[in-house]
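I opened this model to look up its salt bridges. My entries follow the order in which I checked them.

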Amino acid sequence: MRRYGKHTDEDDIRVRPSRRGSRPRTHTRPKHEDAAEGLVLTVDRGRLTCLVEGRTVTAMKARELGRKAVVVGDRVAVVGDLSGEKDTLARVVRVAERSSVLRRTADDNDPYERVVVANADQLAVVTALADPEPRPRLIDRCLVAAFDAGLEPLLVLTKSDLAPAGPLLETYAPLGVRHVVTSRAELAEGPGAEEVRELLRGRTTVCVGHSGVGKTTLVNALVERQRATGVVNAVTGRGRHTTTSALALPLPPSPVGADGWVIDTPGVRSFGLNHIQLSRVIHAFPDLEEGAAECPRACSHNEPACALDQWVADGHADPARLHSLRRLLATRERREGD
């Protein structure tokens with residue numbers, strides 16, 4: 001069947017435009033030398049909220065970045081509309097080299113690692129002393145991830161009005177991890193938040209913990225901002241997810257001028273360590289690392305030929321430190337609830 005009459009003119013014929021466009025493709029990309037520096041505050045469904053020159057700007061990842069992920073904490077170069085006004089959109093064209101990366105996998109059999117945040121220098125492991133009960137194996141896993149990423153760990157124990165902190169602190173005393181204990185009343189009235197805030201001054205701290213431990217309540221008290229909070233299920237003893245995406249928030253300025261950032265993250269039910277090279281964990285134990293030089297190649301530090309037993313027996317390190325190291329190294333072989 002003919003679509004056109006006998007006497008058709010070229011202008012009457014519809015021509016589909018080429019999918020490749022009218023210009024030939026080139027591998028040369030613009031340098032964007034005039035790009036502004038920004039900090040990624042949150043990522044939500046492909047949209048990046050960045051702090052650029054004191055303004056909050058919504059941006060998207062440029063095509064030239066390919067599959068490179070952009071995460072909270074990244075320092076980026078941004079071009080386009082940087083006014084921050086409603087319905088404007090900028091582009092992230094470069095991601096600066098990261099000083100640190102906190103990663104996790106869904107479980108210990110998952111080959112795909114997920115970047116939690118970038119460029120943090122402190123990991124605050126938030127744990128409730130009751131309602132819900134502490135999960136030491138999850139704490140151990142977070143500590144292993146912190147040591148692997150080069151982050152300084154901080155143990156934040158909440159809800160001390162419901163249970164004493166002593167037994168849990170005794171477990172982690174040999175590790176020398178800094179800690180702070182707070183109650184719900186102290187956070188509400190101010191002194192508890194200020195004590196935690198002082199440990200975060202001048203640093204970028206990522207808060208990690210499972211749902212219901214009071215992590216977002218703590219962050220709200222620290223930054224004087226209200227994110228949604230939830231309650232613990234009375235039947236399962238588990239909290240509900242109220243934070244759905246990581247968010248970087250600035251600490252309020254202090255009289256001494258030292259500021260800082262705190263990154264609130266969604267509650268985790270598990271913290272997989274499939275991506276961790278456990279051989280790097282011993283770097284967080286300088287009193288044991290020197291003795292490990294005499295260990296057999298690929299020593300797991302938990303076998304009869306391990307030189308650390310003799311190192312401790314000779315008085316070079318506390319036996320409790322070796323026990324703690326071996327407990328952390330064994331976290332990948334044990335389920336978190338064990």
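I looked up Glu-152 and found a salt bridge to Arg-203, with the closest N and O atoms 3.0 Å apart. The rule I used takes a side-chain nitrogen of Lys or Arg within 4 Å of a carboxyl oxygen of Asp or Glu. Glu-152 sits in strand β9 (residues 152-158) and Arg-203 in the loop between α4 (191-200) and β11 (204-208), 51 residues apart. Helices (H or I, at least four residues) and strands (E, at least two) are DSSP runs, numbered from the N terminus. I noted Glu-152 as partly exposed, at 32% relative accessible area. Buried is under 20%, exposed over 50%, partly exposed in between (1.4 Å probe, protein chains only).

I then traced the network: salt bridges link Asp-121, Glu-152, Arg-178 and Arg-203. By this rule I have 17 salt bridges.

Next I checked Arg-326, whose side chain meets that of Asp-309 in a salt bridge (3.1 Å, N to O). Arg-326 belongs to helix α8 (residues 319-329) and Asp-309 to helix α7 (residues 308-313), 17 residues apart. Arg-326 is buried at 17%, whereas Asp-309 is partly exposed at 36%.

On sources, I record that this is a predicted model, where local features need pLDDT of at least 70, side-chain atom pairs count only at pLDDT 80 or more, and totals for chains, interfaces and linings use all residues. Residues are numbered from 1 along each chain as its sequence is written, and side-chain values use heavy atoms, leaving out hydrogens and water.

I last looked at pLDDT, the predictor's confidence in each residue from 0 to 100. The protein averages 85.
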